[in-house]
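This report looks at a few local features of one protein chain. Please view the sequence and the structure together while reading.

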Amino acid sequence: MTKIFYVLITCLLVLSSCDNELKEHVNSEKDYMIIPKPELVKVLNGRFKINHKTQVYGGEVLAAEGNYLAKMLSEASGESISFANQGNIQLKLDASMSGEEEYVLSVQYNKIEILAKTAKGIFYGIQTLRQLLPSQIEAKTSVQELTIPATLIKDAPRFSYRGMHLDVCRHFYSVEFIKRYLDVLALHKMNTFHWHLTEDQGWRIEIKKYPKLTEIGAWRNGTIVGNYPGTENDNKKYGGFYTQEEIKEVIAYAAQKHITVIPEIELPGHSSAAIAAYTNLSCFPKEQSIVPNSLISEGSKKAQKNGNPKVVQESWGVYDDVYCAGKEETFAFLEDVLAEVMDLFPSKYVHIGGDECPKGNWERCPHCQKRMAAHDLKDEHELQSYFITRIEKFVNSKGKQIIGWDEILEGGLAPNATVMSWRGNAGGIAAAKSGHDVIMSPNSTCYFDYYQSEDKEKEPIAIGGFLPVEKVYAFDPVPDELNTEEQKYILGGQANLWTEYIGTEEYAEYMLLPRLTALSEAVWTKKELKEWEDFTSRLNHFKNRYDAMGLNYATHVFDDHK
């Protein structure tokens with residue numbers, strides 16, 4: 001009996017010693033390398049240990065977030081951790097908190113709490129907790145002696161719209177890659193995925209009423225080789241599309257990450273793929289749609305010789321063949337397409353493009369000129385405004401709103417439109433001054449198809465330009481030209497990944513990272529808290545997560561900032 005007593009006492013002393021060690025462990029600022037930088041981080045003593053006793057709880061309304069966290073911790077620790085009725089990690093909704101995406105994360109040696117007004121805020125608290133864990137957990141392998149440094153973190157984003165775009169038309173990417181892309185966005189607390197689905201070079205979304213859009217419009221007969229205008233045509237049939245079931249799958253996956261998916265259906269320009277499928281949508285259905293002397297594939301030459309003048313474009317740039325603004329059948333088609341799109345996507349926004357629409361065909365088209373006369377439109381810019389406004393009325397009738405590139409300002413802005421400013425800040429400034437919501441996406445700081453290094457010989461082929469990570473980090477969505485009242489119309493910022501030269505998923509990751517990491521802090525963290533040297537210190541630590549996730553990224557950026 002005495003022997004058993006001493007064994008019990010010894011065990012209790014050992015356990016007490018372990019508890020004291022966890023409670024009194026001294027942490028340093030290096031334990032809190034979080035991106036994007038939170039509003040407040042307190043360095044506290046102590047560490048919370050993940051073990052077989054760890055459980056997550058928080059009520060049925062937070063089951064999705066609780067199960068997500070439990071799975072992550074299980075994979076990281078090798079323990080069986082579940083979302084249960086009780087536990088030492090609590091997720092809790094707090095209606096008294098003001099921000100929809102605000103959260104408070106408290107880590108003590110014996111418990112963790114994440115508080116937020118909404119499930120989205122809870123999710124962002126979990127993403128921060130994730131970054132307090134070793135980067136090896138991203139490889140989904142268990143880590144021995146898994147502990148989390150004690151802290152109190154209070155955080156909320158600066159902007160409500162934090163977007164990342166992907167063009168899947170110039171080059172097509174698998175559903176699995178789209179999910180991987182969303183995983184990376186979630187890690188960075190980005191909340192919007194702008195999915196560019198239609199273009200001159202390919203139509204990528206199934207529309208039940210118009211099967212030729214994917215039977216014909218999703219495939220081109222070849223692609224130019226090298227930088228525009230190209231050295232030759234590869235003569236390889238290329239394309240692909242997403243079925244409506246696959247679209248639903250991606251939307252559901254994004255919703256788990258609290259990411260809104262905004263579809264883009266380009267109009268009235270960048271419409272060659274749709275016109276190849278349904279030639280009546282053109283002002284001139286019998287005219288060839290490819291620019292003379294361009295590098296046309298043998299397949300397209302044969303098609304045109306056989307009486308099929310409209311083909312999916314094989315080169316990049318802007319094309320004159322656009323939707324006819326004078327035909328009623330154009331609007332009937334687009335309303336049918338948008339109706340199916342809006343049924344699929346729960347987002348309140350639909351992006352309708354509106355950019356780079358040449359007016360040459362409209363100037364000589366009798367249908368368009370008749371439309372202009374009937375509506376007393378003084379020029380083709382006003383005809384485009386008529387086009388966009390009419391589409392907006394239809395979208396609004398379905399309870400949705402449109403976003404358009406800043407060209408939709410030309411000829412008069414549709415009443416309820418949100419402007420995405422890409423040609424610098426001018427369009428965004430004009431829209432905000434006129435009381436319209438704005439998303440800033442200037443090509444000078446937000447176009448990830450630009451080169452990441454000035455040494456272009458050592459870089460993969462890109463569209464041109466130079467956008468280093470430091471310049472992305474310096475991006476501020478709020479232009480100095482706006483006063484306090486006008487600044488309220490700036491919803492946030494977005495970067496764009498156009499893919500003319502990005503032919504593989506691995507290359508897409510390379511162009512995305514680490515610039516996305518810089519962008520995430522530019523659109524989340526308060527301006528006065530941003531500091532480049534501090535960011536690079538955290539970025540050098542953060543890249544270990546890229547490695548653990550098996551991501552491809554521009555490594556020379558880290559060589560430049562050691």
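## A histidine in a loop

His 188 lies in the loop that runs between helix H4 (175–187) and strand S8 (192–196). Helices (H or I, at least four residues) and strands (E, at least two) are DSSP runs, numbered from the N terminus. This is a predicted model, in which local features need pLDDT of at least 70 and side-chain atom pairs count only at pLDDT 80 or more, while totals for chains, interfaces and linings use all residues. Residues are numbered from 1 along each chain as its sequence is written, and side-chain values use heavy atoms, with hydrogens and water left out.

With a relative accessible area of 1%, His 188 is buried. Buried means under 20% relative accessible area, exposed means over 50%, and partly exposed is in between (1.4 Å probe, protein chains only). Not counting residues up to four places away in sequence, His 188 touches Pro 36, Leu 513, Leu 516, Thr 517, Ser 520 and Phe 542; contact means heavy atoms within 4.5 Å.

## A covered helix

Helix H18 (residues 515–524) is mostly covered, with 10 of its 10 residues buried. Among the buried residues of H18 are Leu 516, Thr 517 and Ser 520.

## Aromatic pairs

How many aromatic pairs does a search of the whole structure find? The search gives 30. Rings of Phe, Tyr and Trp (its six-membered ring) pair if their centres lie within 6.5 Å; planes under 30 degrees apart count as stacked, over 60 as edge-to-face and the rest as tilted. The rings of Trp 316 and Tyr 501 have centres 6.1 Å apart and planes at 70°, so this pair is edge-to-face. Trp 316 is in the loop between helix H8 (298–305) and helix H9 (328–344), and Tyr 501 is in the loop between strand S20 (490–495) and helix H17 (505–512), so the pair ties together parts that are 185 residues apart in sequence. Both Trp 316 and Tyr 501 are buried.

The pair of Tyr 473 and Trp 532 is tilted, because the ring centres are 5.6 Å apart and the planes are at 55°. Tyr 473 belongs to helix H15 (residues 469–473) and Trp 532 to helix H19 (residues 532–549), 59 residues apart. Tyr 473 is buried, at a relative accessible area of 4%, and Trp 532 is buried, at 14%. Lys 530 lies over the face of Tyr 473, at 4.7 Å from the ring centre. A charge sits over a ring if NZ of Lys or CZ of Arg is within 6 Å of the ring centre and within 35 degrees of the ring normal.

## Two helices side by side

Helix H2 (residues 63–77) and helix H3 (residues 119–132) pack with their axes 10 Å apart, at an angle of about 10°. Axes are lines fitted to C-alpha atoms, for helices over the stretch in contact, and angles run from 0 to 180 degrees between N-to-C directions. H2 is therefore roughly parallel to H3 (angles under 35 degrees count as roughly parallel, over 145 as roughly antiparallel, 65 to 115 as roughly perpendicular and the rest as oblique).

On the H2 side, the contact is made by Glu 65, Tyr 68, Leu 69 and Met 72. Residues of H3 in the contact include Ile 122, Phe 123 and Arg 130.

Pro 134 is found in the loop between H3 and strand S6 (147–155). It is partly exposed, with a relative accessible area of 25%. Pro 134 touches Val 143, Leu 146 and Arg 545, not counting residues up to four places away in sequence.
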